[in-house]
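Me: Please give me the overall picture of this structure first. Then take a close look at a single part of it.

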Amino acid sequence: MEKLSVFAGRANRPFAEALALTLGTRLGQCSLEDFPDDEVYVRILEDIHGDDVFLIQSTSAPVALHLLELMFLADACRRGGAARLTAVIPYYGYARQDRRVLAGETVAARVVVDILRTGFDRVIAVDLHNAAIEGFFDIPLEHVSAVPLLAEALRPSISNQYVVVAPDLGAVKLAQKYADLLDLPVVYAHKVRMGGRKTRVHRIIGEVKGRSPLIVDDMISTGATMISTMEELLNRGCAPRMILAASHGLFVENALERFSSFPVEGIWVTDSVMLAKTNPSMPLHVVSVRDLIGEAITRLHRV
Ligand code: R5P
């Protein structure tokens with residue numbers, strides 16, 4: 001069997017280092033630098049001839065830089081003689097642009113797959129925004145889910161007074177998955193997006209009066225989706241004890257701080273994205289996907 005080698009870009013080095021340890025190895029040495037004109041310099045500093053190489057990089061913000069850096073790493077490894085290359089993408093950016101809603105739009109999620117397939121033999125991703133994106137891949141994709149881990153971590157904080165809330169129709173299947181794992185009922189919100197930072201919830205389908213909401217989503221970005229859902233749930237008389245859970249905590253533009261004016265008891269995310277230093281008073285809980293991804297890498301390395 002080829003030797004397993006692991007390298008990482010700069011999106012989330014602490015996570016990548018911990019993942020390498022889980023695999024019983026260490027991150028391969030490489031140079032990753034920025035030129036003054038903003039170009040990126042990548043150089044692999046180890047002999048990887050004939051290796052089975054896994055490159056870890058979340059395509060979180062700055063998305064274009066992290067994606068390009070990942071592709072440069074792949075190119076450097078290929079030129080360095082790697083036998084097989086797998087992109088390990090704990091948070092997969094651009095997945096939300098998975099179809100054309102308005103005439104003239106791009107399907108960016110497909111373009112990203114086309115870019116990845118020029119450099120990689122396989123991809124590992126966690127909780128893609130829409131599982132239908134799997135259909136864009138014509139290289140093998142190992143799509144793993146952090147939902148069972150999050151549900152298990154949430155279990156001690158959840159009573160049968162809770163109800164799982166899907167904050168939009170795209171989250172219905174996800175909410176059902178949490179509901180099945182935690183044995184809770186589900187309600188659905190009807191969200192309308194009015195731009196990248198503004199959403200409104202028109203309707204809640206199901207009974208929330210007196211119940212505590214567990215609002216689940218694939219990601220929290222600006223927090224607008226969670227906030228508009230919380231506002232409508234409170235209007236409908238839910239219990240003022242809410243829990244938010246998402247696989248990916250992007251928390252752009254002070255999203256976390258914006259939650260502080262709501263009765264949020266806990267916010268649960270994974271470490272797929274490197275979190276900025278947060279106010280220690282925020283009830284933020286981070287569940288690691290290190291072992292989940294480690295198992296996927298071990299599985300793929302064997303075949
Ligand atoms: C959208 O369909 C996604 O599933 C999330 O609901 C959305 O991306 C969250 O973004 P934000 O936190 O900015 O509302």
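Reply: The protein has eight helices and 14 strands. Helices are DSSP runs of H or I with at least four residues, strands are E runs of at least two, and both are numbered from the N terminus. The radius of gyration is 20 Å, close to the 19 Å that the globule rule gives for 303 residues, so the protein is as compact as a globular protein of that length. That radius is taken over C-alpha atoms, and the rule is 2.2 Å times the number of residues to the power 0.38.

This is a predicted model, where local features need pLDDT of at least 70, side-chain atom pairs count only at pLDDT 80 or more, and totals for chains, interfaces and linings use all residues. Residues are numbered from 1 along each chain as its sequence is written, and side-chain values use heavy atoms, with hydrogens and water left out.

Along its principal axes, the C-alpha trace spans about 60 × 45 × 35 Å. Of the 303 residues, 53% are buried. Buried means under 20% relative accessible area, exposed means over 50%, and partly exposed lies in between (1.4 Å probe, protein chains only).

Now the close look. Take V289. This residue sits in the loop between β14 (284-287) and α8. Its relative accessibility is 0%, so V289 counts as buried. What does V289 touch, leaving aside its neighbours within four places in sequence? Its contacts are F15, A146, L149, T270, D271 and S272. A contact means heavy atoms within 4.5 Å. Y178 is 111 residues from V289 in sequence, and the two C-alpha atoms are 17 Å apart in space.

Follow one of those partners, F15. F15 is among the buried residues of helix α1 (residues 13-22). What do the buried residues of α1 pack against? They pack against β1 (4-8), β4 (52-56) and α8 (290-302). After the helix comes G24, with a positive phi near 75°.

Back to the whole chain. Take the contacts with a separation of 6 or more: 63% of them join residues 24 or more positions apart.
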